[in-house]
Amino acid sequence: MSKADLQRSGRGMRHAAKVLPEHARAHNRSLVLQTLFHQGAMSRADLSRETGLTRVTISDLVAELIDDGYVAERGLREVTGPGKPAILVDLDREGHRIVGLDLSGTDRFLGAVLTLDGEIVARHDAPVPADTADILEAVVELASRLVADAHAPVLGIGVGTPGVVDDHGVVLTAPNFGWTDVDLEGALRARLDLPVLVANDANAAVLAEYTFGGAADDVLVVRVGRGVGSGLLAGGQPLRGSRFAAGEIGHVTVGTDGGPVCVCGKIGCLEAWLSVPALEARLAESGADRDAILRDAGDRLGIALAPVVGALDLSEIVLSGIPDLLDGTLAQATVETLRARTLAQFHDGVQVRMTTQGEDIVLRGAAVMVLSGQLGVS
């Protein structure tokens with residue numbers, strides 16, 4: 001994959017070995033950054049041992065990365081024996097900022113300025129406009145406010161949005177926004193003149209769980225908010241599908257008992273049962289049995305996920321959304337349904353848990369998109 005392709009896709013990519021000479025420079029540059037990102041400060045000799053690159057190559061790459069502002073010297077290592085103490089180098093984690101946007105909320109768009117470590121140093125938000133015609137301008141305005149508050153060079157802007165997003169940052173469809181073929185990446189880039197990466201919010205969320213949450217190489221994140229979607233990593237690589245719609249489980253019909261009308265026009269879609277507005281509406285009805293409603297929603301989520309777990313041999317499902325709705329009764333019902341509908345010998349150990357990233361999962365995933373696209377780090 002070329003650097004341009006990587007910037008387009010925003011894919012997580014953890015380098016582990018040298019590659020062919022024609023791709024070596026960009027790959028080895030990313031390999032050095034990846035090593036420092038995950039292991040912290042070390043000497044040039046340490047980097048040579050960890051990456052398998054020669055000391056001459058490491059010296060050249062580190063000098064280049066220092067000039068570019070991505071790596072900094074951190075002083076001398078404490079002397080523990082004879083010989084000259086080594087100079088430590090590390091990723092310059094404060095030297096650049098990343099702007100992240102999360103457009104998946106039911107009533108507010110969230111934005112943050114993040115360090116290269118994914119730590120949030122500033123927050124801004126904006127109400128979701130009642131008129132869908134005003135949504136794009138509201139997103140651009142929020143991004144502009146964040147860039148102005150960065151107080152350091154901005155490496156790029158990452159956006160997690162509901163809907164199906166192609167590899168050029170065009171939102172092909174987002175029914176909740178009334179969007180069809182909206183060039184979100186182009187609109188942001190034209191106004192702010194910065195690199196922009198756009199992905200479905202669940203696809204952004206799974207990157208955050210992978211990079212910052214300790215998830216394994218094979219994991220499915222189910223994002224429940226205004227809509228319902230999922231992001232999937234297999235072998236540490238995101239799966240997006242031939243038409244960029246992998247993970248669009250929200251509009252899978254669950255059950256044969258009819259159900260509520262979905263925003264897409266079908267009857268009984270998972271999203272019509274499980275989205276936050278749908279759940280909250282049913283829970284607010286007079287005489288509603290909270291446990292029964294949450295069990296039913298969890299059971300339907302399990303029905304939707306069972307074929308995925310069976311086909312891909314997943315052992316971990318991560319839920320992202322409001323813990324008061326998803327954790328406990330709903331998650332347990334999902335587990336029980338999954339185990340009842342898959343091969344016990346292999347899938348009885350499947351786990352369903354809440355994310356460790358809390359409400360910032362999409363914002364931090366947006367940061368990973370930029371790190372991956374611009375630096376090859378995930």
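Predicted model: local features only at pLDDT ≥ 70, side-chain atom pairs only at ≥ 80, totals over all residues.
Residues are numbered from 1 along each chain as its sequence is written, and side-chain values use heavy atoms, with hydrogens and water left out.

Now to the strand, where helices (H or I, at least four residues) and strands (E, at least two) are DSSP runs numbered from the N terminus. Five of the five residues in β15 are buried, and buried here means under 20% relative accessible area, with a 1.4 Å probe and protein chains only. In a regular strand the side chains alternate between the two faces of the sheet. In β15, Glu316, Val318 and Ser320 lie on one side and Ile317 and Leu319 on the other, and both faces are covered.

As for its partners, two strands pair if DSSP finds at least two bridges between them. Strand β12, residues 219-224, runs parallel to β15 and is joined to it by four bridges, with Leu220 opposite Ile317. Strand β16, residues 351-354, also pairs with β15 in the parallel sense over four bridges, and there Glu316 stands opposite Gln351.

Let me finish with Val377, which sits in the segment after α14 (361-375). Val377 counts as buried because its relative accessibility is 1%. Leaving aside residues up to four places away in sequence, Val377 touches Leu33, Gln34, Phe37, Val368, Leu371 and Ser372, where contact means heavy atoms within 4.5 Å.

Definitions and conventions
Buried < 20%, exposed > 50% of the residue type's maximum accessible area, 1.4 Å probe, protein only.
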